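Here's a short briefing on one helix and what surrounds it. Have a look at the chain first, then read on.

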Amino acid sequence: MKYNRVYFDFESIFAAPFDGLYQNAGVERLLNELKDRQLCIGIIISERHNVPDEILLSLFGNILSFGDSGGLPDLTKMSASDTLFVLSEAEKIQFFKSRGFDCGLAVWAVDTVQHVKADCYFPAPFDVLEYISRVPVPPQSAKWMDWAMELQFIGQVGLAFSKDGYDRERFSRIREIAAEMAAFRTGADLDKISDLFCNEKGYQTPKLDTRAAIFSSDKILLVKEKSGKWSLPGGWVDVNESVRSNTVKEGKEEAGLDVVPVRVIALHDRNLRNVPAYLYGCCKVFVLCEVIGGQFQENTETVESRYFGLDELPELAVDRNSEEQVRMCFAASNEPNWPTLFD
């Protein structure tokens, strides 16, 4: 094991405002497991957090102050070679990385990973344990999720084609185990996981999502969601729609525009490109479009639309489209012979 010390910032551990609750149900299990493995764990706090000392001391052997009147922490007695920082703020990541420490982003505690450059990314708390144990953890997924998804697939297909009652019971139990694995590792509510993860019948295939790339004067159209973040107009492909017709439909519903799909820019495996990872497969289809009419009207999904240059992108809804994907659309719009990219 490479790391002997793991430090967390307050925001990755506790919900705000502080009321004794954790950011994620998996956090407490992670801390207990780290203690069982006799790792030194620490926390980074600022004066903004009025946390009882007895709570912090019961959980963490080391406390660092960061910012406010406490200034910056003294790291002269800490070894960068065996210490990992798990943080939720880009400022802290930049600070500790500049001093030679490995830094991971606590994805479970942030709204966006845009512009956050970390050494590693942890969608769920237990991914930290896998990483420090040197078990490979892809930035936006984890092996346990692949196993859970495959078990769910086996169970669903078995239920679709098996006629034997005993076999159907076994396949149903396999689906339940897959949902329990996902809930156990993410800290999410089992009922919610089951509704999301085990709500389909028949042979399981990836879902389809389309995104319309619409340009005007070298600027791309983005729509503002009610969350305050921005995305390319798009959404799930309805059962009675094709990729083309769904792109047209979403352009009208979310941006108020009549569009003509011109060509497919890329087909992306969403779990390889976007966070947080979903518990089912999804193919995202980016389509270059031309506008032939219409105008924006506020609707149930979006509150504003605007064109942005490449150097002025707003905060993106990264679960729908990353900065990398938007930049790809810019590149495709300027290349008439653009080859369709696909994962």
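Helices here are DSSP runs of H or I with at least four residues, strands are E runs of at least two, and both are numbered from the N terminus. Keep in mind that this is a predicted model, where local features need pLDDT of at least 70, side-chain atom pairs count only at pLDDT 80 or more, and totals for chains, interfaces and linings use all residues. Residues are numbered from 1 along each chain as its sequence is written, and side-chain values use heavy atoms, with hydrogens and water left out.

- K92, I93, F95 and F96 are the buried residues of helix 4 (residues 90-98); buried means under 20% relative accessible area, exposed over 50%, and partly exposed in between (1.4 Å probe, protein chains only).
- Those four sit on the same side of helix 4 because they cover an arc of only 165° around the axis, taken from the directions from the helix axis to the C-beta atoms.

**Zooming in on F96**
- F96, part of helix 4, is buried, with a relative accessible area of 0%.
- Leaving out residues up to four places away in sequence, F96 touches several residues, including I44, F66, F85 and C103; contact means heavy atoms within 4.5 Å.

**And S88**
- S88 belongs to the loop between strand 4 and helix 4, and is buried at a relative accessible area of 13%.
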